[in-house]
Amino acid sequence: MLHGNSQEEILANAAQYAYEQGWDSLSKGLLGGVEFVKEGYINKGQNTLYLQKFDIVKQDGKLYTNQYMQNLLAATSEASNMKSIYEASDTVDGQMNFIIPLYENMPEEISER
């Protein structure tokens, strides 16, 4: 599992993980990373970035056990990054399918906290 308390520590741990997996080239890293996400998340029903970060799928009978982020503010920066990717690939106006989780028993009023 990749973790750390600073960007330097996270990158060092990621490099160590890649080395241990034998990802010593760009192609091996890309293919290995895709396989990692496929096996670790997509095959478990977590097929969106949101569901990978916040495990609300309950595929293993538990909630919140297979997630890698609890940063609620990440969506803002990642939306900006995704928009840039769509613009660069000229797909902003393309057809998209959104998967949006619906939560039950949510309060009708927005919390100010």
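1. In this note, a residue is called buried when its relative accessible area is under 20%, exposed when that area is over 50%, and partly exposed in between, with a 1.4 Å probe and protein chains only. The model is a predicted one, in which local features need pLDDT of at least 70 and side-chain atom pairs count only at pLDDT 80 or more, while totals for chains, interfaces and linings use all residues. Residues are numbered from 1 along each chain as its sequence is written, and side-chain values use heavy atoms, with hydrogens and water left out.

2. As for the overall fold, the chain contains four helices and zero strands, where helices (H or I, at least four residues) and strands (E, at least two) are DSSP runs numbered from the N terminus. In sequence order this gives the pattern α-α-α-α. The chain is more spread out than a compact globule, because its radius of gyration of 17 Å is well over the 13 Å that the globule rule gives for 113 residues; the radius is taken over C-alpha atoms, and the rule is 2.2 Å times the number of residues to the power 0.38. The C-alpha trace spans about 50 × 40 × 30 Å along its principal axes.

3. On burial and surface, 13% of the 113 residues in the chain are buried. The chain exposes about 9,700 Å², of which carbon and sulfur atoms supply 56%, the areas coming from the Shrake-Rupley method with a 1.4 Å probe and, for residues, with only the protein chains shown counting as cover. Contact here means heavy atoms within 4.5 Å, and among contacts between residues at least 6 apart in sequence, 17% join residues at least 24 apart.

4. Glutamine 46 deserves a separate look, since it is buried with a relative accessible area of 2%. Its place is the loop between α2 (26–40) and α3. With neighbours within four places in sequence left aside, glutamine 46 is in contact with Gly40, Tyr41, Leu51, Gln52, Asp55, Val57 and Asn66.

5. The largest pocket holds about 720 Å³ of space. A pocket is an open set of points on a 1 Å grid over the protein atoms alone, where a 1.4 Å probe fits, with protein on both sides within 12 Å along at least five of seven lines, and lining residues have an atom within 4 Å of a point; the volume is the space filled by probe spheres set on the points, which are joined across faces, edges and corners. Its lining has 21 residues, and Thr48, Leu49, Tyr50, Met82 and Phe98 lie nearest the centre. Both α3 (49–53) and α4 (74–88) supply at least two lining residues each, and α4 gives the most, with seven. By class, the lining has 15 nonpolar, three polar and three charged residues.

How values were computed. Nonpolar A, V, L, I, M, F, W, Y, C, P; charged D, E, K, R; others polar.
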